[in-house]
Amino acid sequence: RRHQLHMLLAQALSDQALDVYYQPIVDTQNFEVVKCEALLRWTDATLGVVNPAEFVALAEDTGMISELGQYVMLKSCAEIAALNTELGCEMALAFNKSTREFVEECRLHQSVLDKLREQALFPNITVEITENLLMEEHADAVKQLQTLSDAGIDIAIDDFGTGYSSLAYLRKFPVDILKIDKSFIQEIEHDKESRELVGAIVSMAHGMKIDVVAEGVETAGQYQILSEMKCRYVQGFYFSPALPLDDLKTYLTNFRRDYDRAVSQSC
């Protein structure tokens, strides 16, 4: 299975047959989609839909992760820049970079910033990393993060709350955004401890002038609680799943109407 996946993934990457889907991130204060997260998807003619967790892990194990990451970065930057021009908006873009991807790029002396500067979307971009990259303190990777931050690129900590317990890195490294892991958001309606934890993260972030995105928002109740906590940015199925580019275009065009309908249903 792994050998088959490896061969087919390499071919799909060579043929540029991998898709990028986009999940909207909503600013609930201004009621608009301010950003979308780029997510890689793969549908193979033989295997059908392949789980991203499976093929991304395989790419890390086989050394293909940097190629995949560059593919997502360049394709999504070009598509969202074109979409902004077509719709007359200024939506930002977020994409993920794994620890291994960052470290490998540094070893190969590849500058992410140089590639991003070539994009029309620059610097309206967020790079999402995990806590591990900061806690393990890979010197070259952390230096590259600082370089990105100095250039105006936002740095987000993805799945915040599921990794290390130390919070010292929030002061030590350039962190602009915390994305609260969906496992906490899913429990806030019925679990007091989860609700208090999310509230504490939001409060702490506000105090440190760090933005917060709540991931995995799926119900009106979750959204209402997050609103009461003054969590400004939300992402999840309550607003939209990840969408192919054409569907994202339609979603953005109709967002205000759809949002008003969602709010009325929650009242």
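**Exercise 1. Which residues in H3 meet which residues in H12?**

Before we start, a word on the model: it is predicted, so local features need pLDDT of at least 70 and side-chain atom pairs count only at pLDDT 80 or more, while totals for chains, interfaces and linings use all residues. Residues are numbered from 1 along each chain as its sequence is written, and side-chain values use heavy atoms, with hydrogens and water left out.

*Solution.* 

Step 1. Find the two helices: H3 covers residues 65-87 and H12 covers residues 245-253. Helices are DSSP runs (H or I, at least four residues) and strands likewise (E, at least two), numbered from the N terminus.

Step 2. List the partners in contact (heavy atoms within 4.5 Å). From H3 come Glu 79, Ile 80, Leu 83, Glu 86 and Leu 87, and from H12 come Leu 245, Leu 248, Lys 249, Leu 252 and Thr 253.

Step 3. Sort them by type: six are nonpolar, one is polar and three are charged. Here Ala, Val, Leu, Ile, Met, Phe, Trp, Tyr, Cys and Pro count as nonpolar, Asp, Glu, Lys and Arg as charged, and the others, Gly among them, as polar.

Step 4. Axes are lines fitted to C-alpha atoms, for helices over the stretch in contact, and angles run from 0 to 180 degrees between N-to-C directions.

**Exercise 2. Where does Lys 209 lie, and is Lys 209 buried or exposed?**

*Solution.* 

Step 1. Look in the loop between helix H10 (192-207) and strand E8 (211-214); Lys 209 lies there.

Step 2. Check the backbone: Lys 209 is not a glycine, yet its phi is positive, about 60°.

Step 3. Read the relative accessible area of Lys 209, which is 73%, so this residue is exposed. The classes are buried (under 20%), exposed (over 50%) and partly exposed in between, with a 1.4 Å probe and protein chains only.

Step 4. Lys 230 has a positive phi of about 65°, and with a relative accessible area of 61% it is exposed.

**Exercise 3. Which residues does a cis peptide bond join?**

*Solution.* 

Step 1. Go to the loop between helix H5 (112-117) and strand E5 (125-129), where Pro 123 is found.

Step 2. Inspect the bond between Phe 122 and Pro 123: it is cis, with omega about 0°.
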